[in-house]
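Please look through the structure below alongside the explanation that follows. The text takes up one part at a time.

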Amino acid sequence: MERALLILMGSALVLFLAAPLLGLIVATSFSDFTAGLANPLVWPALRLSFLTTTASLLFLVVLGTPLAWTLSRVNNRFMSSVEVLVRLPAVIPPAVAGVALLLAFGRRGMLAGWLYPRGSSVAFTTAAVVMAEIFVSAPFFVQAAASAFRRLDTNCLIVARTLGASHFRVFFRIALPLAAPGILAGAAMSWARALGEFGATLMFAGNFTGITQTLPLAIYTALESDLRAAQALSLVLVVVAFAVLLFVRFVLARTTADELREY
Amino acid sequence: MLKLKKKVVLKSSANPPRASTRDRTRNRVTLVLRTLYIASALTTLVACRHSKPEANPTRGEDKLVVFAAASLREVFGRESEAFKKLHSGVGVTFNFAGTQEIRTQLEQGAPADVFASADERHMKALQDTARVDASLIFGQNEPVMIVAKERTTTIRALADLPMAQRIVVGVPEVPIGKYTLQILDNASRSLGVDFRARVEARIVSRELNVRQVLAKVTLGEADAGIVYRTDVGNHRDDVSIVTIPPEMNVIAKYPIAVVRAAAHPKLAQQWVSFILSEQGQEILRGAGFIVPPPNETIH
């Protein structure tokens with residue numbers, strides 16, 4: 001009885017989530033798809049999205065992993081506030097994030113005097129796209145990485161230190177490999193979030209084919225001129241995201257199996 | 001012999017030991033979560049029951065739904081205040097966006113009573129697909145160039161536009177974007193055949209409606225952009241307005257029409273008539289739109 005109820009309530013949500021995706025697939029015929037892909041907006045957007053999400057992910061992993069490590073190891077009030085701060089971008093509406101980025105890094109922004117002595121600004125550049133993506137996807141990565149580090153058995157780390165390993169060695173040879181599945185999952189989530197970012201990019205970076213028009217912006221622009229291109233792009237986005245998440249799931253499943261086998 | 005049996009009461013060492021703080025917190029959290037879950041499940045069930053729209057709306061406000069171009073935001077607000085004074089018990093809801101966005105929504109069957117466009121192209125497209133009835137031009141607008149404060153001294157005429165480092169325009173689908181391209185083509189006739197190319201080399205972003213173009217320039221992110229004269233309204237101190245020479249400029253024509261599947265067709269017709277009436281036209285004129293002087297009909 002309880003099982004049936006659980007399944008019923010769960011299925012309701014699953015069906016709701018699946019319906020729009022199915023609608024997208026069903027509504028786009030193959031000829032529509034190929035015609036849509038021929039739109040000049042498509043390939044620049046695909047390339048740009050790929051480049052910017054890779055760049056933002058790299059930045060995030062390099063800068064976010066130490067932050068997550070610190071968050072997991074140090075437990076005081078200051079670090080709690082830092083953790084709340086890192087979570088904030090996930091809660092702010094993206095358009096607000098875009099305006100905030102402008103007010104901080106724009107030509108008349110808070111940091112304009114220091115960053116731009118000659119008066120230009122980072123807005124309308126590809127760098128701005130990367131900045132916006134990092135801003136909105138950081139919470140997902142840092143949270144997941146910090147949780148992964150927190151789940152580590154500290155005994156392993158302590159023993160390693162008593163055996164003479166340096167902090168670096170403990171981190172890179174013990175903590176990181178053990179926490180890798182969780183970190184990988186966090187990276188996948190933050191990558192997906194960066195790929196879908198729209199509001200902040202539109203406000204902060206602008207909308208220019210090849211420079212700042214990412215996939216979501218291209219879809220939105222195409223929606224009002226060539227519906228087939230919008231549908232084709234949407235399908236591509238969904239398929240790519242699905243494939244990557246599936247791949248990560250597969251890698252995670254294998255890693256956990258390997259870990260279990262060692263015990 | 002009195003045997004005093006001393007009753008030995010086995011006292012436990014203390015009261016039953018309290019659960020540790022962690023356990024107590026965990027129990028509390030579990031309790032809260034369980035309550036929240038049940039509460040949300042109940043709310044969802046109740047909400048589902050009540051979400052059916054009432055078959056006959058009780059005698060309250062009749063809500064007219066107007067889809068209008070972004071540049072009409074303030075002036076239509078004022079029109080609706082005057083309209084409500086004439087028709088008591090009527091409410092007006094607006095959806096302001098780039099005209100192309102509204103057109104897409106109407107093509108997909110969005111419920112609206114009136115459509116006011118910033119160009120004839122999108123109105124005609126909807127008429128071709130029988131989404132709207134016949135339209136009438138209710139006003140005109142003049143595109144102007146706006147320049148950010150930082151560049152006011154260097155960019156003083158349309159001919160100076162290629163000197164801007166960053167220009168923001170509308171996408172070609174949005175009326176102002178189309179008008180901009182036409183203006184650039186017109187300008188190329190006297191300012192050099194490569195004028196449009198030189199300007200396009202400086203375009204850094206194509207926005208989806210005219211208010212976004214305005215925002216980028218007033219925020220100082222872009223040096224210059226082309227918007228309607230009526231948009232500058234509250235930002236007169238933030239940007240400088242440069243008039244485009246009349247021989248190069250394109251006057252925007254704004255048509256209005258009743259949507260064919262309107263839920264309130266009579267009210268929609270009354271709105272259109274009000275916009276075209278002397279009072280409605282006066283409000284438009286006050287906002288900076290180009291309307292014919294009184295006693296002249298628009299075709």
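This is a predicted model.

Leaving aside residues up to four places away in sequence, B:Phe115 touches B:Phe67, B:Ile102, B:Leu106, B:Leu126, B:Val132, B:Ala257 and B:Val259.

Next come the two domains of chain B. The domain assignment gives domain 1 as 62-141 + 253-287 and domain 2 as 143-242. Their C-alpha centres are 27 Å apart. Where they meet, domain 1 of chain B supplies 15 residues and domain 2 of chain B supplies 13 residues. On the domain 1 side, the elements that give two or more residues are α2 (73-86) and α3 (99-107) of chain B. Of the elements on that side, α3(B) gives the most, with 3 residues. Sorted by class, the domain 1 side has 6 nonpolar, 5 polar and 4 charged residues.

Chain B also contains an open sheet. Its 5 strands are ordered β7-β6-β8-β5-β9, and the pairing is mixed. Why is one side of β7 and of β9 of chain B left without a neighbour in the sheet? β7 (203-207) and β9 (239-242) of chain B stand at the edges and each has a single partner strand, so each has one side with no neighbour in the sheet. From one strand to the next, the twist averages 30°.

Strand β6 of chain B, residues 167-170, runs parallel to β7(B), and 4 bridges join the two. In this pair, B:Ile167 stands opposite B:Ile203 of β7(B). Helix α7 of chain B, residues 210-218, packs on the sheet and touches β5 (143-148), β6, β7, β8 (224-228) and β9 of chain B. The direction of this helix makes about 140° with that of β8(B).

The last topic is the contact between the chains. Chain A provides 17 residues to it and chain B provides 16 residues. The chain A side that touches chain B is made up of 5 nonpolar, 9 polar and 3 charged residues.

How values were computed. Residues numbered from 1 in each chain as written. Chains lettered and ligands numbered in written order. Predicted model: local features only at pLDDT ≥ 70, side-chain atom pairs only at ≥ 80, totals over all residues. Pairing = 2+ DSSP bridges. Axes fitted to C-alpha atoms, helices over the stretch in contact; angles between N-to-C directions. Contact = placed C-beta atoms within 7 Å. Nonpolar A, V, L, I, M, F, W, Y, C, P; charged D, E, K, R; others polar. Domains from an automatic or database assignment.
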